[in-house]
Amino acid sequence: MKILIVDDFSTMRRIIKNLLKELGFSNVSEADDGNTALPMLKSGGFDFLITDWNMPGMQGIDLLRNVRADPGIATLPVLLVTAEAKKDQIVEAAQAGVNGYIVKPFNAATLKEKIDKIFERIQAS
Amino acid sequence: MMDDMDQQHYLALARSLVSDLERGQCDDAERTLEEITRLRKNASYEALDRLIALMDEAPSANKLDATLGQILTQEIPEIIERLNYVDDMINDSASKTLNHVERCLEACELVKAGASAEVLNDLKAQTHDLSQGLNEILLAQSFQDLSGQVLSRVIDMVGGIERYMVQLLNHNAHEDRTLEGEGSVDRRGEAGTEPYGPRIPGLENPEMLKDQGEVDDLLSSMGF
């Protein structure tokens, strides 16, 4: 499984990357905002997207919308991992078609739980 | 505080006072004395007024400009520099810790793989504890992301105040007071996709959810 992590803070990308490695996912790429991530996703091969919301350039919510609007990658599972925790924002992300929402600070168990849940649902459907 | 005109006036009055008295004109002398007293009173009030005016106006305007100038040219740039330094330091420290953790985790994996062939159960157990600890340290570095977001928000806010004050100063110089654009200092709380940033103790927003549990509840209420 090939995963793309998008966050403007390299520290957070490395943390998620290492947590994913513990969970058995080692094929992980990184991007620092939506503008960098979108062409990578469009060029294909990714099975899962983990993205922050608040980034310079293209934000996570707009990256999600762009993914859903592109027929080639529209069904890609997307997990938002963000410090943004306003009700409106969570509703907005849900309406834009997010598959999971983790609010920072988070722990390893939460990351595992949300990833497991997303793939359970995908397999069930 | 006597100018030439006052001096001439006093001299004339003094002369007429002397001549009144020499001629025995007591009433005239009395009037002259009153005139002199009135003049002296006026002179002291005028001096007092001038002093008050000096204290009130002249120094304050200059001082205000000087203070504002100092805030703009020294203090705000210094605050931004200090905050940037703190941000860099946190970033460096988190990076160093992550480098060490990654190396230790790799060593753990090597020991785990090698030890499984031998009967080194104790070592395996200890290595498991070690990698758990290292993963805790790893996750703890997320403070850099959150504090970094808060710091860049503060840096933006101070920068906004700086630009606003420069505009204010420029507009004051030309009496055109239509301030716009960059004057808006704080982007928080706007509707739509505008990011709000991490939840900060003491700056709670009722619209913000407290933890992952509340986020999960909201999403499940929407059918997630």
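Colleague: How are α2(A) and α3(A) set relative to each other, roughly parallel or roughly antiparallel?
Modeller: Bear in mind that this is a predicted model. The axes of α2 (residues 34-42) and α3 (residues 60-69) of chain A cross at roughly 20°. Angles under 35 degrees count as roughly parallel, so α2(A) and α3(A) are roughly parallel to each other.

Colleague: Within what distance do the axes of those helices come? And what is the hand of the crossing?
Modeller: The axes of α2(A) and α3(A) come within 10 Å. The crossing is right-handed.

Colleague: Which residues of α2(A) and α3(A) meet?
Modeller: From α2(A), they are Gly34(A), Ala37(A), Leu38(A) and Leu41(A). From α3(A), they are Leu63(A), Asn66(A) and Val67(A). By class, the contact of α2(A) with α3(A) has 5 nonpolar and 2 polar residues, with no charged ones.

Colleague: Now across the chains. At what angle do α4(A) and α6(B) pack?
Modeller: About 50°, for α4 (residues 87-95) of chain A against α6 (residues 212-221) of chain B. Their axes are 10 Å apart. At that angle, α4(A) and α6(B) are therefore oblique to each other. Their crossing is right-handed.

Colleague: Which residues make that contact between α4(A) and α6(B)?
Modeller: α4(A) brings Lys87(A), Ile90(A), Val91(A) and Ala94(A). α6(B) brings Val215(B), Leu218(B) and Leu219(B). The contact of α4(A) with α6(B) counts 6 nonpolar residues, 1 charged and no polar.

Colleague: And α1(A) with α4(B): at what angle do the axes cross?
Modeller: Roughly 150°, and the axes come within 9 Å. That makes α1(A) roughly antiparallel to α4(B). The crossing of α1(A) and α4(B) is left-handed.

Colleague: Which residues are in the contact of α1(A) and α4(B)?
Modeller: Ile15(A), Asn18(A), Leu19(A) and Glu22(A) come from α1(A). The contact of α1(A) with α4(B) divides into 4 nonpolar, 2 polar and 1 charged.

Colleague: Change of topic, the sheet. What is the order of the strands in chain A?
Modeller: The order is β2-β1-β3-β4-β5 in chain A. These 5 strands form an open sheet, and the pairing is parallel.

Colleague: Why is one side of β2 and of β5 in chain A left without a neighbour in the sheet?
Modeller: β2 and β5 (100-103) of chain A stand at the edges, each with a single partner strand, so one side of each has no neighbour in the sheet. From one strand to the next, the twist averages 20°.

Colleague: How many bridges join β1(A) to β2(A)?
Modeller: There are 5, between β1 (residues 2-6) and β2 (residues 27-31) of chain A. Leu4(A) stands opposite Ser29(A) there. Together with α1 (residues 10-22), β1(A) and β2(A) make a right-handed β-α-β unit.

Colleague: Last one. Where is Pro105(A) found?
Modeller: In the loop between β5 and α5 (108-124) of chain A. A cis peptide bond joins Lys104(A) to Pro105(A), with omega about -5°.

Terms used:
Residues are numbered from 1 along each chain as its sequence is written. Chains are lettered from A and ligands numbered from 1 in the order in which they are written. This is a predicted model: local features need pLDDT of at least 70, side-chain atom pairs count only at pLDDT 80 or more; totals for chains, interfaces and linings use all residues. Side-chain values use heavy atoms; hydrogens and water are left out. Two strands pair if DSSP finds at least two bridges between them. Helices (H or I, at least four residues) and strands (E, at least two) are DSSP runs, numbered from the N terminus. A crossover is right-handed if, with the strands pointing away from the viewer, the path from the first strand over the helix to the second runs clockwise. Axes are lines fitted to C-alpha atoms, for helices over the stretch in contact, and angles run from 0 to 180 degrees between N-to-C directions. Angles under 35 degrees count as roughly parallel, over 145 as roughly antiparallel, 65 to 115 as roughly perpendicular and the rest as oblique. A crossing is left-handed if the near helix is turned anticlockwise from the far one by less than a right angle, and right-handed if clockwise. Contact means heavy atoms within 4.5 Å. Ala, Val, Leu, Ile, Met, Phe, Trp, Tyr, Cys and Pro count as nonpolar, Asp, Glu, Lys and Arg as charged, and the others, Gly among them, as polar.
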